[in-house]
Amino acid sequence: MKICSLLFSSGFKISRVLKPVNKMAKIIQLDTIEDLKPQITIAAKKLLSGGVIAVPTDTIYGIACLAQNKDAVDSIYKIKKRNPLKPIAISIADVKDISKWCNVTVPISLLHDLLPGPVTLVFQRSQQLNEYLNPDTDYVGIRIPDHSFIRGLARTVDGPIALTSANISDQQSPLSIKVKFQTFFDIFFILYMCVHSERSIPL
């Protein structure tokens with residue numbers, strides 16, 4: 001399991017590196033939402049190397065990896081102490097990408113009405129999706145979060161991102177990093193703070 005991971009969190013702009021929360025973790029400020037390319041590049045490299053990152057979404061904080069990487073998906077289950085039979089949804093960048101990873105059975109116009117947004121749609125998975133992701137079901141939940149960072153990241157890695165809440169399984173989903181991420185401070189070496197102007201969740 002790769003434990004050198006990243007956490008991107010929503011917050012106010014701070015131009016300096018913050019004091020480490022412990023010897024393993026530190027918080028680094030991202031720039032404004034208008035220029036996330038450097039941070040997306042860093043996160044993409046971590047995902048493409050098989051790493052797990054923690055990120056803000058349009059709803060709650062989550063942890064993510066490449067859905068097509070079996071070992072990375074296994075890492076998420078270990079980090080969360082999650083039942084291996086419990087599926088993980090995928091996130092992608094754009095509506096046009098949905099049909100690559102699942103069999104769409106509703107009008108495209110409906111997809112555009114619902115997405116991006118805090119909605120998870122469930123379709124039959126396509127053969128292109130990693131067979132080791134949710135192997136006990138023929139279906140997959142798919143999301144397009146209303147969040148520029150996550151969508152930009154999905155475009156950069158050019159594939160689906162396995163994304164689930166950043167909490168120990170069956171515990172409360174994290175709306176703030178101040179308390180809920182204490183559990184993960186031994187996992188995340190670098191904690192990133194990210195301005196999200198469209199729909200921020202609190203620190």
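Buried means under 20% relative accessible area, exposed over 50%, and partly exposed in between, with a 1.4 Å probe and protein chains only. The views show a predicted model, in which local features need pLDDT of at least 70, side-chain atom pairs count only at pLDDT 80 or more, and totals for chains, interfaces and linings use all residues. Residues are numbered from 1 along each chain as its sequence is written, and side-chain values use heavy atoms, with hydrogens and water left out.

**View A. Helix 1, residues 37–48.** Helices (H or I, at least four residues) and strands (E, at least two) are DSSP runs, numbered from the N terminus. The expected span of a helix is 1.5 Å times one less than its number of residues. For the 12 residues of helix 1 this gives 16 Å, and the C-alpha atoms at its ends are 16 Å apart, which agrees.

View B. After helix 1 comes Gly 50, with a positive phi near 95°.

View C. Most residues other than glycine have a negative phi, and most peptide bonds are trans. Pro 116 belongs to the loop between helix 4 (108–114) and strand 7 (121–125).

**View D. Asn 134 and its positive phi.** Asn 134 is not a glycine, yet its phi is positive, about 55°. The loop between strand 7 and strand 8 (139–143) holds Asn 134. Its relative accessibility is 6%, so Asn 134 counts as buried.

**View E. Asp 158 and its positive phi.** In Asp 158, also a residue other than glycine, phi is positive and near 55°. Asp 158 is placed in the loop between helix 5 (148–157) and strand 9 (161–165). Asp 158 counts as exposed because its relative accessibility is 61%.

**View F. Ser 91 and its contacts.** Ser 91 is part of strand 5 (residues 89–91). With 2% relative accessibility, Ser 91 counts as buried. Contact means heavy atoms within 4.5 Å. Leaving aside neighbours within four places in sequence, Ser 91 is in contact with Arg 143, Pro 145, Ala 154, Gly 159, Pro 160, Ile 161 and Leu 163.
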